[in-house]
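Subject: Handing over the structure

Hi,

Here is the structure I said I would pass on to you. Have a look at it first, and then read on for what turned up.

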Amino acid sequence: MSERKVLNKYYPPDFDPSKIPKLKLPKDRQYVVRLMAPFNMRCKTCGEYIYKGKKFNARKETVQNELYLGLPIFRFYIKCTRCLAEITFKTDPENTDYAMEHGATRNFQAEKLIEEEEKKIQQEREEEELNNPMKVLENRTRDSKLEMEVLENLQELKELNQRQAQVDFEGMLDKYKEMERRQRKREQEEDERETKEMLERALVKRLRDSDSEEETEDAKDQSRKHVADNPTDILTTDRSTGPQGSSSVGVKKQKVESWERSVGGLGVKGALGSLVVRKKPADSAYKPAGDAPRQAADTQTDHSGAGAAQPESSKASRGQPFASQNGSSLSLLGAYTDSDSSNSD
C-alpha cells in the first residue's frame, strides 16, 4: 500500500509492457458529468422552461462517425426538472456553440439570428467577388462612396452642434475657479466661527468654575467666622439698611449702643444699682415696735454682718471668674444674693 504514493515505482529487469492485458471498453461508453444548461430551452413534454446556467447531472458520450476537422463531437443527456423527460443536445465546434437534438426546443435568440444572417451575406459576397473581378471593383467603389457620405454627414452634425452650443470654455473655467474660491472662503469662515465659539464656551466655563470656587471659599470663611464668634455677637450685628459709605466708627458705635440697650453698660453702677434692695432679716418682722434699743443693736449687728459678708462675696466672686472679669451689674447682683444667702444660713 505504500507504493501507490511514490513518484518512481520499481520495475523488475524482466518487465515486458506488451504482456499487460489491455482493457477493452466500448467506444460508445457513457460517463456521468456535472454541467450547466448552455442555452435557454423549453421542454416539449410539459412545457417547463429551463434557463441557461441551470446545473444537471448529465451523461456524456462520444458521437460515432461524426468529426469536425478531426475534433470529436459529444452528446449530452439531461432530464427535465418537472416531468423527468430526456433531453439531448450535442456540441457544435463549427459554430462554437451547442446544437439542440431531442426533447426540447431552443428559445428565440435575435442576436444569434442576426449574426448568422451577417455571416451568410458575407459568404455570398466573397463567392461573387471570387468568380467576377468586375464585381470586386463595383463593391469597392460603392464602399468608398458610402464612406464619404458618412464622413460628410458626421462633419455637418459637428458644425451644427458647435453653432447651437456656443460654449465659452474660458468662461466655464473662470466660473469654476470662482466657485472653488468662494467655496474655500466659506469653509474658512465656518472654521473660524467654530473655533471662536469653542474658545468662548471654554472661557465661560472657566469663569463659572472660578466663580464657584470663590463662592465656596467665601462660604467657608463665613462659616469659620460664625464658629469663632461668641453666641452674644448676634446682639451686636447691625441690621439697619443704611448707605454703604458709612464709616467704621459709626458701625462700632451702633454695636455698642445695641449691646447697652440689651444688656447694659459695662462699669456703670447706676444702671442696676437702684434696682438692688438689701434684704431685711427675718427676725425684724416679728419684733415689737417698742424695743428701740434692741432695734439699734440689730442694725449694728446687721452692719457688722454686712461687713462680714463682704469677704464672703469676694470669695464667691473669685469662684465665678466670668462675672469678675466682666464686672457688670449682673455679676454684682449675683454676688450680693450669694452673700445674703450665706448670712441667712
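Let's start with Leu 84, which counts as exposed because its relative accessibility is 59%. You'll find Leu 84 in the loop between strand 5 and strand 6. Its backbone is worth a look too: the phi of Leu 84 is near 60°, a positive value in a residue other than glycine.

The chain has a mean pLDDT of 75, with 62% of its residues at 70 or more. Strand 6 has the highest mean pLDDT among the elements, at 95, while helix 7 (residues 321-326) has the lowest, at 44.

So what surrounds strand 6?

On one side there is strand 5 (residues 71-79), which pairs with strand 6 in the antiparallel sense over five bridges. Lys 79 is placed opposite Glu 86 of strand 6. Strand 6 is also joined to strand 7 (residues 97-102) by five bridges, and these two run antiparallel as well. The hairpin of strand 6 and strand 7 has four residues between the strands, and there Thr 96 takes a positive phi near 50°.

How many of the seven residues of strand 6 are buried? Six of them are, so strand 6 (residues 86-92) is largely enclosed by the rest of the structure.

The bridge partner of Thr 88 in strand 7 is His 102. Leaving out neighbours within four places in sequence, Thr 88 is in contact with Phe 76 and Tyr 77, and also with Met 100, Glu 101 and His 102.

Three strands form it in the order 3-2-8, with antiparallel pairing. Strand 3 (49-50) and strand 8 (104-106) are at the edges and have a single partner strand each, so one side of each is left without a neighbour in the sheet. Strand 2 (residues 41-43) is joined to strand 8 by three bridges, and the two run antiparallel. If you want a residue pair to find by eye, Arg 42 stands opposite Thr 105 in strand 8.

Leu 69 lies in the loop between strand 4 (55-68) and strand 5. Although it is not a glycine, Leu 69 has a positive phi of about 55°. Is Leu 69 buried or exposed? Its relative accessible area is 75%, so Leu 69 is exposed.

Tyr 31 has its place in strand 1. With a relative accessible area of 39%, Tyr 31 is partly exposed. Which residues does Tyr 31 contact, leaving aside its neighbours within four places in sequence? They are Ala 58, Arg 59 and Lys 60. Tyr 31 and Thr 62 are 31 residues apart in sequence, and their C-alpha atoms are 9.7 Å apart in space.

In the segment before strand 1 (31-36) you'll come across Phe 15. Phe 15 counts as partly exposed, because its relative accessibility is 37%. Together with Tyr 11 and Ile 20, Phe 15 makes a nonpolar surface patch of about 320 Å².

For a helix, go to Asn 139, whose place is in helix 2 (residues 133-165). Asn 139 counts as buried, because its relative accessibility is 3%. Apart from neighbours within four places in sequence, Asn 139 is in contact with Arg 125 and Glu 129.

Finally, a word on where to be careful.

Over residues 238-246 the pLDDT stays under 50, and for this stretch the model has four contacts beyond four places in sequence. Residues 283-293 also have a pLDDT below 50, and that stretch has three contacts in the model beyond near neighbours in sequence. Where pLDDT is low, the predicted coordinates should not be read in detail.

That's the tour. Enjoy looking around!

Best wishes

Note on methods
Residues numbered from 1 in each chain as written. Predicted model: local features only at pLDDT ≥ 70, side-chain atom pairs only at ≥ 80, totals over all residues. Heavy atoms only, no water. Patch = residues over 30% accessible without salt bridge, like charges linked within 9 Å, V, L, I, M, F, W, Y side chains within 5 Å. Areas by Shrake-Rupley, 256 points an atom, 1.4 Å probe, with all protein chains shown as cover. Salt bridge = Lys/Arg side-chain N within 4 Å of Asp/Glu carboxyl O. Buried < 20%, exposed > 50% of the residue type's maximum accessible area, 1.4 Å probe, protein only. Pairing = 2+ DSSP bridges. pLDDT = per-residue confidence, 0-100. Contact = heavy atoms within 4.5 Å.
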